[in-house]
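Open the model in your viewer and follow the stops below in order. At each stop, select the residues named and compare them with the text.

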Amino acid sequence: MNSPVARLARLWMMALMLAMSAWQPASAQQDSGPSVLRDSETELLFKQMSRPMIEAAGLDPNSVQVVLLNDPEINAFVATGQTVYVQSGLLEVTDNVDQLQGVVAHELGHVVAGDAIRSASGVRQATGITILSLVLGAAAIAAGAGEAGMGIMAAGQQAALGDLLAFTRAQESTADASAARFLSKAGISGKGILDFFGKLQNQEYRLAIYSKDSFNRDHPLSSERIQALQQKLRADPAWGKPSDPALEARFQRVKAKLIGYVDPKQAVIKYPESDQSVPAHYARAYAYHLGGYPDKAESEANALLATAPHDPFFLELKGQILLEDGKPKDAIAPLREAVQGSGDMPLIAAMLGHALVATEDPKNFAEAKQILKVAVNRDNQDPFAWYQLGIIYDREGDQARAALATAERSNLEGNPKLAFASAQMAMKGIPSGTPDYLRAQDISMVSRAELAKKDKRYRDEKKDQ
C-alpha cells in the first residue's frame, strides 16, 4: 500500500485513532500516566463524603472507590469499573467540599451509565463511517474522479469525528443530569457543581475559547452545562443547605496537605507563617519536610498536636517526619498511638512496621512482622508494606516468603518480569497446596500472561515498522 491514496488513507485512519485516544485518559493505561497518591486521611474523607451520593445512585459503597492521582491537570474521570479518579490539580482548585462532591456526583453518573464500556460502541461507529468513506473515495479515484474521491474521504473523516464528538457530549450531559439527581437525593446543595462549572468557564475564557456552541468539542461548554442545570438545582430543597462544617474542615486539611506535598514552594506562599490555621500548619509541615527542613517540619507538626494531641493523622505526620529524618525509635511512639487512634488503618500500620524494622533492633522484628501481616491482609494494595515484610522474612532466613513478598510488591508496581521470577522462586520453597503457594501460583500465572501480552505488542509493533 504505497500509492498516494493508500498513504492518505493511513494518515486519515491514524488521525481518527489519535482523536479517539484523546477520550482515554493516560492514567488509565498501566504502562504510563500519573501515580496514585495514597493517604489514610484523604481516602477516609473521599469515602465518607461520597457515600451519600453513591447510595443515591443505587450503587454499593463498598464497591465504589474514589482515588487520588498525582496529576496537575484539572480533571476527574472513570476509566473502567466503579473507580472514580480525581486528579490532584482538580482537588487543588476546588474551594470547598461541595464542589468536590459535585464533581464526584458527575463521575458517578458515568459509572451508572456504564460510559467507559459504551464509549467503545461510539468509537466503532465512527470507525465504520471512516472506513466506508475510504472505500467509496478509493473507488471514485479508481474510476477517474480523483477530486470527488478526495472530497468523499475528507467528508467521511469530518463526519466520523463529528459523530464521536456528539456521542461524548451526550454522555457528559447525561452525567450532569444524573449528578443533579444524586445530589438532590443525598440532600447536598447543587451550588458546588455550578460553582465548579463556573471555574471551568473562567478557564475557557483564559484559554480564549469563545465558542458559541460545543459542536466541535467533546464536552459541552461550561456555560451550556450551567444553563442546563441551574434552574433544576436552584429549585431543589437542598439548594440553600450549608455544607457540613466538620466535613468542610477535613476537606481544607486534606487540600492543604496535598498542596504541601505536590508543590512545596507554592505551599509556603499560599500558607505563609503568619497563617496559624490548621490547614496552614499542615501545608507547611509537608513543604518543610520535603524541602529538607526537618526541625521546621517537626515544629509545624507539634503546632498541630497542640490543637489536638490525640489526632491520629497529626500523630502520623509527626511519626513520618521523625522516621524519614532518620529517627525511627522516636517515631514509634507517635505512630503506635496513630495506629490505635485510627482503628488500625493499614497505611499507618505499615509506617509503624517500617519504623520498627528501621531501628535495626531484632527485638522489634516480631512486632513489625505481625503488624505488617495484618496491614497487607486488610489492604493488599500497598507495595511498600510488602517491601518491609520481605525484609523481615529475609532476615529470618525465610527466602521463599521473602520472594513471595517481592512478587506481591512487583505485581502491584506493574513489574511482571520480576513478579514472575520471584513467584517462581517462592513456589520452589513453599509447600505445595498451602495458601502462600497458591498465592505465588496466582501471581506467576498473571505475570506470565502480562509478559506474553507485552511480547505480542512488541512483535506487532516491529512488524508494522
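**Stop 1: two helices**

Select residues 245-262, which are helix 9, and residues 278-291, which are helix 11: their axes come within 7 Å and cross at roughly 20°. Helices here are DSSP runs of H or I with at least four residues, strands are runs of E with at least two, and both are numbered from the N terminus. An axis is a line fitted to C-alpha atoms, for helices over the stretch in contact, and angles run from 0 to 180 degrees between N-to-C directions. Helix 9 and helix 11 are therefore roughly parallel to each other (angles under 35 degrees count as roughly parallel).

From helix 9, Q252, R253, A256, K257, G260 and Y261 take part, and they meet V278, P279, Y282, A283, Y286, A287 and L290 of helix 11. These contact residues divide into nine nonpolar, two polar and two charged (nonpolar: Ala, Val, Leu, Ile, Met, Phe, Trp, Tyr, Cys and Pro; charged: Asp, Glu, Lys and Arg; polar: the others, Gly among them).

This is a predicted model, in which local features need pLDDT of at least 70 and side-chain atom pairs count only at pLDDT 80 or more, while totals for chains, interfaces and linings use all residues. Residues are numbered from 1 along each chain as its sequence is written, and side-chain values use heavy atoms, leaving out hydrogens and water.

**Stop 2**

Next, find the open sheet: four strands in the order 1-2-4-3, with mixed pairing. Strand 1 (36-37) and strand 3 (76-78) stand at the edges with a single partner strand each, so one side of each has no neighbour in the sheet.

Select strand 2 (65-69) and strand 4 (83-87), which pair in the parallel sense over five bridges (two strands pair if DSSP finds at least two bridges between them). Q65 has T83 as its bridge partner in strand 4, and V66 stands opposite V84.

Strand 3 and strand 4 pair in the antiparallel sense over three bridges, and F77 has Y85 as its partner in strand 4. In the hairpin of these two strands, four residues lie between them, and G81 takes a positive phi near 65°.

**Stop 3: a buried glutamine**

Which helix holds Q99? Q99 is in helix 4. At 2% relative accessibility, Q99 counts as buried (under 20% relative accessible area, with a 1.4 Å probe and protein chains only). Leaving aside neighbours within four places in sequence, Q99 is in contact with V93, T94, G192, D195, F196 and K199.

Methods: Angles under 35 degrees count as roughly parallel, over 145 as roughly antiparallel, 65 to 115 as roughly perpendicular and the rest as oblique. Contact means heavy atoms within 4.5 Å. Buried means under 20% relative accessible area, exposed over 50%, partly exposed in between (1.4 Å probe, protein chains only).
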